[in-house]
Amino acid sequence: MIKFYDYPLRLRQTPFQEAYRVHQQLDTLLQEGNNYRFPYCWHHEKSQINNASEVVFRTITQLPIPGEKCTEIDVVEGMDLSFSVRLFNAVNQTAGGSREATFEDIQKRLPNSLKLSGFELLCVTPIENGKYFVIKPGQSSFPIPYLDVVLTVTVLDVALAEKALAQGIGRRKAFGCGMLRDIEVI
């Protein structure tokens, strides 16, 4: 049985496009400002308010923050789950740099990536392609291309699957990719 907590936040003066600033704000809140030291994952969307981001972060530790949503799932081997997730959408090229991945690239990469998280891929459905940026002071910005998808999976390894539910999957988790959302047991 895995139990985790989701917390919604609105980060003012932190635009959706600036994922690194969102990451810094969350780290300040969760790792530095309150002396919390635990893994977390997060997801963000554009806010209706200018220069703001709507953020949800997840921990396995209950925090004294209002708006908490607790989820408990009894994960067992062989069960099927469906969830949405934002995936980092780039592939490395040998001649330096990277390019935006095609949906076919994602389909090839997903089975192996999900196996490392304790899942077997049954189905993947694309939802939305997008891009935001990492803007570090004094450095040039670089894009974080993403693809939001709905995945249907079978649990192969309970411990790895529980870790993935609590901490996310894949690459660029520090920049808002990988949090499993809208989780349903099928």
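**Figure 1. Cys 41 and Cys 177 in the predicted model.** Cys 41 has a relative accessibility of 1% and therefore counts as buried. Cys 177 is likewise assigned to the buried class, its relative accessible area being 1%. The structure shown is a predicted model. A disulfide is a covalent bond between the sulfur atoms of two cysteines. For Cys 41, the closest cysteine sulfur belongs to Cys 177 and lies 12 Å away, so the separation is too far for a bond. The cut-off for a disulfide is a sulfur pair within 2.5 Å. Cys 177, whose nearest cysteine sulfur is that of Cys 41, is in no disulfide. Across the whole structure, the search returns zero disulfides.

Figure 2. Strands of a sheet pair through backbone hydrogen bonds, either parallel or antiparallel. Strand 1 and strand 4 run antiparallel and are joined by five bridges. Opposite Ile 2 stands Ile 73, a residue of strand 4.

**Figure 3. The largest pocket and its lining.** The space in the largest pocket amounts to about 220 Å³. Its lining comprises 15 residues, of which Asp 6, Arg 58, Lys 69, Arg 181 and Asp 182 are the closest to the centre. Two or more lining residues are given by each of strand 1 (2-12), strand 2 (41-46), strand 3 (52-59), strand 4 (69-73) and strand 10 (181-185). Strand 3 supplies the largest share of the lining, with four residues. Classified by residue type, the lining contains seven charged, six nonpolar and two polar residues.

**Figure 4. Asn 51, a residue with positive phi in a loop.** Asn 51 lies in the loop between strand 2 and strand 3. Although Asn 51 is not a glycine, its phi is positive, at about 55 degrees. The relative accessible area of Asn 51 is 44%, so this residue is classed as partly exposed.

**Figure 5. Asp 182, a residue with positive phi in a strand.** Asp 182 is located in strand 10. This residue is not a glycine, yet Asp 182 has a positive phi of about 50 degrees.

Definitions and conventions:
Residues numbered from 1 in each chain as written. Predicted model: local features only at pLDDT ≥ 70, side-chain atom pairs only at ≥ 80, totals over all residues. Heavy atoms only, no water. 1 Å grid on protein atoms, 1.4 Å probe; cavity = no way out; pocket = protein on both sides within 12 Å on 5 of 7 lines; lining within 4 Å. Points joined across faces, edges and corners; volume = space filled by probe spheres on them. Nonpolar A, V, L, I, M, F, W, Y, C, P; charged D, E, K, R; others polar. Buried < 20%, exposed > 50% of the residue type's maximum accessible area, 1.4 Å probe, protein only. Pairing = 2+ DSSP bridges.
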